[in-house]
Amino acid sequence: MEHVEHVRFGDQLYAIIVRASFREPGIHFFSTPELSQQLAFMSHPKGKTIEPHRHNKVTREVHYTQEALLIQKGKLQVDFYTVEEEYLESRVLGAGDIILLCSGAHGFHVLEPLEMFEIKQGPYSGENDKTRFAEADRSEIRIKGPGL
């Protein structure tokens, strides 16, 4: 099973999915430095010290919200769309999987009772933060990859 998937359509990165099965020692960044959300997995042995530190005030310009979803329980279908609202493809996430939604548009279907965390930039600007549109017809749905 593939543990990390970079979901691309054309040359555009839509999402990074890290499956619950990913296990590697050390620090692994899946996102590139220019993304406004950074996604990493860390695994350290007992006794490892991470030096105390603070994060400096750095002005950043964020044009689009990027969000991470961490699935705690259940199954979630993620439907990918272009910014022109054209359906592309779907993936299914399960417990322990995490996805960083980087670009494009997306919709969701809860396939099993779901508990998840959502992490995204703030401050939240209410309904101005997103544009809602009609979902693809169920007959068009194409699910790729593991997680069914």
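Modeller: A residue is called buried when its relative accessible area is under 20%, exposed when that area is over 50%, and partly exposed in between. The model is predicted, and a search of the whole of it finds six salt bridges. In general terms, side chains of opposite charge can pair when their charged atoms come close.

One of these salt bridges joins the side chains of Arg-19 and Asp-97, at 2.8 Å from N to O. This pair links distant parts of the chain, 78 residues apart: Arg-19 belongs to the loop between β2 and β3 (26–29), and Asp-97 to the loop between β6 (87–93) and β7 (98–101). Both Arg-19 and Asp-97 are buried.

A further salt bridge is formed by the side chains of Arg-138 and Asp-79, here at 3.9 Å from N to O. This pair, too, links distant parts of the chain, with Arg-138 in the segment after β8, Asp-79 in strand β5, and 59 residues of separation. Arg-138 has a relative accessible area of 39% and is therefore partly exposed. Asp-79 counts as buried because its relative accessibility is 1%.

The side chains of Glu-89 and Arg-91 also meet in a salt bridge, at 2.8 Å from N to O, and both residues are buried. Together with Glu-5, they are linked in a network of salt bridges.

β1 runs antiparallel to β2, and six bridges join the two strands; Phe-9, for instance, has Gln-12 of β2 as its bridge partner. The hairpin of β1 and β2 has two residues between the strands, and Gly-10 takes a positive phi there, near 65 degrees.

β1 and β2 also take part in the surroundings of the largest pocket: β1 (4–9), β2 (12–18), β5 (67–81) and β8 (105–120) each supply at least two residues of its lining. The largest share, seven residues, comes from β8. This pocket has a volume of about 1200 Å³ and is lined by 40 residues, with Thr-65, Ser-103, Gly-104, Ala-105 and His-106 nearest its centre. By class, its lining consists of 14 nonpolar, 14 polar and twelve charged residues.

Terms used
Residues are numbered from 1 along each chain as its sequence is written. This is a predicted model: local features need pLDDT of at least 70, side-chain atom pairs count only at pLDDT 80 or more; totals for chains, interfaces and linings use all residues. Side-chain values use heavy atoms; hydrogens and water are left out. On a 1 Å grid over the protein atoms alone, a cavity is a set of points where a 1.4 Å probe fits but cannot get out, and a pocket is an open set with protein on both sides within 12 Å along at least five of seven lines; lining residues have an atom within 4 Å of a point. Grid points are joined across faces, edges and corners, and a volume is the space filled by probe spheres set on the points. Helices (H or I, at least four residues) and strands (E, at least two) are DSSP runs, numbered from the N terminus. Ala, Val, Leu, Ile, Met, Phe, Trp, Tyr, Cys and Pro count as nonpolar, Asp, Glu, Lys and Arg as charged, and the others, Gly among them, as polar. Two strands pair if DSSP finds at least two bridges between them. A salt bridge is a side-chain nitrogen of Lys or Arg within 4 Å of a carboxyl oxygen of Asp or Glu. Buried means under 20% relative accessible area, exposed over 50%, partly exposed in between (1.4 Å probe, protein chains only).
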